[in-house]
Amino acid sequence: MKKFVIEFIKLLIAFGLFYYLFKAKVPIGEVVQNIKNLKIFYLVITFFLFFIFYLSFSLRWNSLLRAQEIYISEGRSYLYLLISFFFNNFLPSAVGMDLVRSAYAGGKENFEKAFGASIMERMLGMIGILVIGVFGIFSGKIKFVKLALLYLGLIFFTIFLYYLFVSMKVEWLKKKILSIKVFNLGKSIKEFYRALKIYKNKKKTILIGTIYSVIVQIIITLINYFIAKGLSVQLPFSALIAYLPLITIISLVPITLNGLGLREGAYVFFLSSFIRKSEAFSISLVFFASFVLTSCVGGIVFIILPRESKRLTIKRVK
């Protein structure tokens, strides 16, 4: 019942944000017209890039699993990841993406190890987001350079936190941090802490995972660029490099379902200096719709996979 109430509140917040955007910021008629004029050719490219994104994502995860001596083929990890994205998009209140893929990859014996790999993969994903933002330094534009320096500072801060948590000796401080109950932060930090300890001496694995993370974010940037092209929007690629990391981070804040409302608001807020608000909103909607539609393939994979794997996943997630 508590979970239902939380998800209902998230839904209300998302509706509230959409209402605010349409009421005060974005002309809905222009958004509809933009999407009607979407060029199919660029939409096909977008779908193709999403499946490349899933592939890069799964390779990053697979490298972390191997460091835990969990060996599954690249093809299997790709299928498991598709399934987890499907569950994440369509059953967010009942099933966690990390739980699903960890159950498939680790089974009963290695579930905790696989879950640790999934948590570490998320952290490396965040590093990849920040690294892309640093490339704004090369744009030559003052505001982009300032943002890039901010991202660089966040990267060093994240690395500092990594070593702080791994080698933290002050037990009372550790207990205080791990016992934070607001938004379940303590529980989330505890999961990250366990993952960090596991990969403490696996520097090569961390480096490979970081490289994959940068590739993943480059693909996401290209997806947004081609969506803009498909909508006939002249959006500078440098603007996406500078602001997409911030947009991504904001959309990950867990106060709405799948970042709905937050993501669209962030697109409008950060990109309206370069394009019309309706165009920024349209890019966000097409991006999310493409993401959801391509993740439906995971639902098909879930149906056709052997029953033993499905039974394991459902059992572990309950």
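Biologist: Which glutamate forms a salt bridge with arginine 276?
Modeller: Glutamate 279, with the closest N and O atoms 3.6 Å apart. A salt bridge here is a side-chain nitrogen of Lys or Arg within 4 Å of a carboxyl oxygen of Asp or Glu.

Biologist: Is glutamate 279 buried or exposed?
Modeller: Glutamate 279 counts as buried, at 12% relative accessibility. Arginine 276 is partly exposed, at 46%. Buried means under 20% relative accessible area, exposed over 50%, partly exposed in between (1.4 Å probe, protein chains only).

Biologist: What should I know about the model?
Modeller: This is a predicted model, where local features need pLDDT of at least 70, side-chain atom pairs count only at pLDDT 80 or more, and totals for chains, interfaces and linings use all residues. Residues are numbered from 1 along each chain as its sequence is written, and side-chain values use heavy atoms, leaving out hydrogens and water.

Biologist: Where is confidence lowest?
Modeller: In helix H14 (residues 307-317), at a mean pLDDT of 44. Helix H3 (residues 40-67) is highest, at 95. pLDDT is the predictor's confidence in each residue, from 0 to 100. Helices are DSSP runs (H or I, at least four residues), numbered from the N terminus.

Biologist: Back to salt bridges. How many in the whole structure?
Modeller: Eight. Arg60, Asp98, Arg101, Glu121 and Arg122 are linked in a network.

Biologist: What is the N to O distance for arginine 101 and glutamate 121?
Modeller: 2.8 Å. Arginine 101 sits in helix H5 (residues 97-106) and glutamate 121 in helix H6 (residues 111-134), 20 residues apart. Both residues are buried.

Terms used:
Helices (H or I, at least four residues) and strands (E, at least two) are DSSP runs, numbered from the N terminus.
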